[in-house]
Amino acid sequence: MFDTDILIHTQVMTRHIEMLDALFKHATEGIVVVDKQANIVMLNPKAKELFGYTDRELINRKVETLIPMRFNRNHVGYRDEYLEAPRARGMGHMMDLFARRKDGTEFPVEVSLSPFKTSDGEFVVSFVIDITERKKQESRIIEANLEIQKLNAELEERVQQRTEELAAAIKRIEQSQEEVVRALTKERELNNMKSQFVTIASHEFRTPLATILSSASLIGRYTRTEDEEKRHKHVQRIKSTVTNLTEILNDFLSIGKLEEGRIHAIPVLTDLNEFCKNLIEEIRGLCKDGQQMHFAYEGEPTAWLDKQLLRNVLFNLLSNAIKYSDGGKSIFLRIKNWGGLIRIEIQDQGIGIPQTDQGHIFDRFFRANNAGNAQGTGLGLNIVQNYIELMGGTVRFQSEVGVGTTFFVELPNREPASVKTDS
């Protein structure tokens, strides 16, 4: 009985071995078995077919023999890490894997790993599938999708092109309508400006001309030596009035040049400190009795500026400070020239600008409600703003009625690129 059991057991074992051997030999997947040291110890016929080797050529060689050279260095590290804690898993999740044949050619593969133990030690069996055909099919699908995407893109492009052409046609029609509206609006603005100009010019010219005529007539009556003081007084009135008329004409001329784009900022290297001192001395003659002009300068003495535009800006703001301040008041000019930026403050202790007027103070022909009988065209601050913008700067102000007004001007201090190139 005992002998019969052994015989049956032996027959069962033999069948199992035969079946395993058949599975190993006839498997459609390549099977490669490696030991704990990553040496190849066994491979099935399909593996030899895939890689083009014989048993003798691969047995006891490292598994890296079957891997493309460019991956060998990294693979050794991955392999050693896996062999320290082997487990059943697929290789290269979300990655494209490649194997190398004996002739050096490469082919895409899928690989799964399974560790096992025998009386001879620990081993890992690798199941290798050649997925060349699958990759070709995937490539064909990708190419087909790309072709479809290309056709869709071309269709969308045609639709977009037609849409843009239609939108452009509509826009041209709208622009034509807008141009007509702008032209009509511009014509109305010009008519309004002409009316304002006529009104202001008739008022601003009539009074000075009457003063000149009156003073000239009176001078003719003062023929005696003792009338010299009276003659001098009327001569000064005539000079002052002519100066005011000249300023009014200059304002009108400046507006015209700005409209025509004939004014440009041309920076030159300027001794800004000395420039301001000279301007202060020039403008002191316009001060009322007891008015004091204070000047403070900090920073680098020189700056790249358009001297004529800057002179017009400072002269306008300072003359306004004088005009709208009472005698005995102080006027301050402060300049800081640091780090490529010029900060200018012009502060007065004058009548100030009403809050309701502050939003329009830079508008053309606008004059604040509390300007009274002070001469002016309402163009000066508009010109100032334009000149400052031409120089690449900004202007703002703070004002309180009965306390005074401070204008803040910021200008860049940069050497022009053309000068750098020439030098």
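Modeller: Helices (H or I, at least four residues) and strands (E, at least two) are DSSP runs, numbered from the N terminus. This is a predicted model, where local features need pLDDT of at least 70, side-chain atom pairs count only at pLDDT 80 or more, and totals for chains, interfaces and linings use all residues. Residues are numbered from 1 along each chain as its sequence is written, and side-chain values use heavy atoms, with hydrogens and water left out.

Biologist: At what angle do α8 and α9 pack?

Modeller: About 145°, with their axes 9 Å apart. Axes are lines fitted to C-alpha atoms, for helices over the stretch in contact, and angles run from 0 to 180 degrees between N-to-C directions.

Biologist: Which residues of α8 and α9 make the contact?

Modeller: Among them are Leu309 and Val313 of α8, and Val384 and Ile388 of α9. Contact means heavy atoms within 4.5 Å.

Biologist: New topic: in what order do the strands of the open sheet come?

Modeller: The five strands go β8-β10-β11-β13-β12, with mixed pairing. Two strands pair if DSSP finds at least two bridges between them.

Biologist: Why is one side of β8 and of β12 left without a neighbour?

Modeller: Both stand at the edges with a single partner strand each, so one side of each has no neighbour in the sheet.

Biologist: And how do β10 and β11 run?

Modeller: Antiparallel, joined by seven bridges. Trp338, for instance, has Leu341 in β11 as its bridge partner.
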